[in-house]
Every structure is written in structure tokens, then in C-alpha cells.
Amino acid sequence: MRDELLDEVRAEIEALRAENRRLRRGGQAALLALAAAVGVGATVGSEPGTVEAREVVLVDPEGEPCARWFEQNGDVLLELGRGRDGPPPIQLWADDSGSATLSLAAGDGVARVAALADGTAALALNHGKELGGVSAIASSAGDASLSVQAPGGVPAAGLRAGGRSPAGLLLVDREARERVHVQLAEGDEPLIDCVDAQGRQLFAAP
């Protein structure tokens with residue numbers, strides 16, 4: 001009875017060892033298959049568990065590409081999902097200068113966030129689209145601006161502040177005519193200027 005039990009244990013251990021060898025072979029085969037699938041010089045890296053490649057493509061159960069990670073002229077791009085009539089819903093781009101951009105798109109809705117190598121940060125929501133939009137920029141020089149567009153991308157309102165220019169507010173009508181200016185002049189004195197559609201002054205202070 002004892003010998004039979006030992007035989008069963010030995011058999012189980014050998015089965016586990018065989019399974020372990022099979023998994024290792026399978027893992028290596030998977031790495032090689034991945035390298036063959038992505039192509040463009042893909043190799044098993046010198047470090048354990050790494051794969052070196054110029055492009056990686058993820059496919060769905062039907063074999064259709066649904067994600068892509070690749071290098072292009074020194075830049076690194078990641079694309080996730082499939083757009084119905086346009087770019088992929090999610091795009092991440094890191095260029096060789098150190099700047100990075102994230103883009104989200106679904107239907108007519110678009111949102112982009114960028115961080116530039118010089119320290120400037122920018123945000124755009126539906127910028128220039130039929131839905132209207134919002135744009136914000138904070139420059140490396142310390143200036144900041146915010147603009148709102150009416151449907152069709154027509155400017156509607158703008159706000160700025162920073163060390164190189166006085167803080168100010170601008171309102172624009174539907175025909176893209178500047179109608180109201182509000183800003184702080186030297187000594188933080190407020191200036192207000194309102195004009196009609198023909199540019200005639202309606203109100204000014206002081």
C-alpha cells in the first residue's frame with residue numbers, strides 16, 4: 001500500500017514537471033509567435049520576460065486589430081479601440097523631444113491634453129468642432145489663457161492672465177465681432193470697453 005502511494009506521488013510529481021516543461025516551451029513559443037506576429041525586427045529580449053519589437057498589434061476574437069503600440073521616427077504611439085469613422089478612440093503620443101499628448105474621441109466629442117517639453121500644458125475640448133469647444137493653455141512663461149468657441153468653432157469668449165500681459169476678458173458675438181473688452185491696466189486699474197455691431201462705442205470706463 002505504501003509503495004502504491006509513493007508511486008502515485010512520484011507520478012503526480014513527474015506529471016507536474018512535464019506540465020512545467022510544457023508551459024515553459026509554450027511560453028517561449030508564445031514569445032516567438034508574438035515576435036513573428038508583430039514583425040519588424042521583434043526579438044526575445046536579453047532580460048527574462050521581455051520582448052523587443054518595433055510594433056505590437058492586439059486583435060479581437062475575429063482577428064481584427066483593436067490596439068496598436070508602435071514606434072515612428074523616434075516617437076512612440078499607442079492606439080486603443082476602433083473609431084467608427086475616424087481615428088481610434090484613445091491615442092497616446094510621446095515624441096522624441098519629451099512632449100506627450102493624449103487624445104480621446106467618441107463620435108463628435110474630442111478631448112486632447114498635451115504637455116510639451118518646454119513646460120507648456122494645453123487642453124482642448126471639441127476645439128473647432130460643430131459642438132463648440134473649450135481651449136486652455138498654460139505656457140512655460142507663466143501666461144495662461146482660456147477660450148470658449150460657439151458651435152462651428154466661432155470664438156465666443158476669452159480669458160487671459162500672466163506676467164507678460166495684463167489680465168483680460170473678451171466677449172465675441174455670433175459673427176465673430178469683438179464686442180466687450182475688460183482688462184486690468186497698469187496699477188491693476190480696470191478698463192471696460194463695449195461696442196456695437198458696427199464698432200461704435202457704447203460704453204467705456206474709465
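Is Thr120 buried or exposed? In this predicted model, Thr120 counts as buried because its relative accessibility is 11%, and the cut-off for that label is under 20%. Its place in the chain is the loop between strand 8 (109-115) and strand 9.

Which residues surround it? With neighbours within four places in sequence left aside, Thr120 is in contact with Ala114, Ala115, Ile137, Ala138, Ser139 and Ser140.

## The chain as a whole

Let's step back to the overall picture. The protein chain contains 16 strands and one helix. Of its 206 residues, 16% are buried. The chain exposes about 14,400 Å², and 59% of that area comes from carbon and sulfur atoms.

The contact pattern is worth a look too. Among contacts with a separation of 6 or more, 1% are between residues 24 or more positions apart.

Leu104 is classed as partly exposed because its relative accessibility is 40%.

## Salt bridges

There are six salt bridges in the structure. One of them pairs the side chains of Glu71 and Arg54, at 2.8 Å from N to O. Glu71 lies in strand 4 and Arg54 in the loop between strand 2 (51-52) and strand 3 (55-59), so this pair ties together parts that are 17 residues apart in sequence. Both partners are partly exposed: Glu71 has 27% relative accessibility, and Arg54 has 44%.

Another salt bridge brings together the side chains of Arg82 and Asp60, at 3.1 Å from N to O. This pair links distant parts of the chain, with Arg82 in the loop between strand 5 and strand 6 and Asp60 in the loop between strand 3 and strand 4, 22 residues apart. Asp60 is buried, its relative accessible area being 17%. Further along, Asp173 forms a salt bridge with Arg177, where the closest N and O atoms are 2.8 Å apart. Shared partners join Asp173, Arg177 and Arg179 into one salt-bridge network. Within it, Asp173 is buried at 15% relative accessible area, while Arg177 is partly exposed at 34%.

## Rings and charges

How many aromatic pairs are there? The count comes to zero. A ring does meet a charge, though: the charged end of Arg68 sits over the ring of Phe70, 3.7 Å from the ring centre.

## Backbone details

Two residues other than glycine have a positive phi and deserve a quick check. Asn73 has a phi of about 55° and is found in the loop between strand 4 (65-72) and strand 5 (75-80). Asn73 counts as exposed because its relative accessibility is 70%. For Ala176, phi is near 65°; this residue lies in the loop between strand 13 (168-172) and strand 14 (178-184). Ala176 is partly exposed, with a relative accessible area of 46%.

Finally, look at the peptide bond between Ala205 and Pro206: it is cis, with omega about 0°. Pro206 lies in the segment after strand 16 (201-205).

Methods: Residues numbered from 1 in each chain as written. Predicted model: local features only at pLDDT ≥ 70, side-chain atom pairs only at ≥ 80, totals over all residues. Heavy atoms only, no water. Buried < 20%, exposed > 50% of the residue type's maximum accessible area, 1.4 Å probe, protein only. Helix = DSSP H or I, 4+ residues; strand = E, 2+ residues; numbered from the N terminus. Contact = heavy atoms within 4.5 Å. Areas by Shrake-Rupley, 256 points an atom, 1.4 Å probe, with all protein chains shown as cover. Phe/Tyr/Trp six-rings, centres within 6.5 Å; stacked < 30°, edge-to-face > 60°. Lys NZ or Arg CZ within 6 Å of the ring centre and 35° of its normal. Salt bridge = Lys/Arg side-chain N within 4 Å of Asp/Glu carboxyl O.
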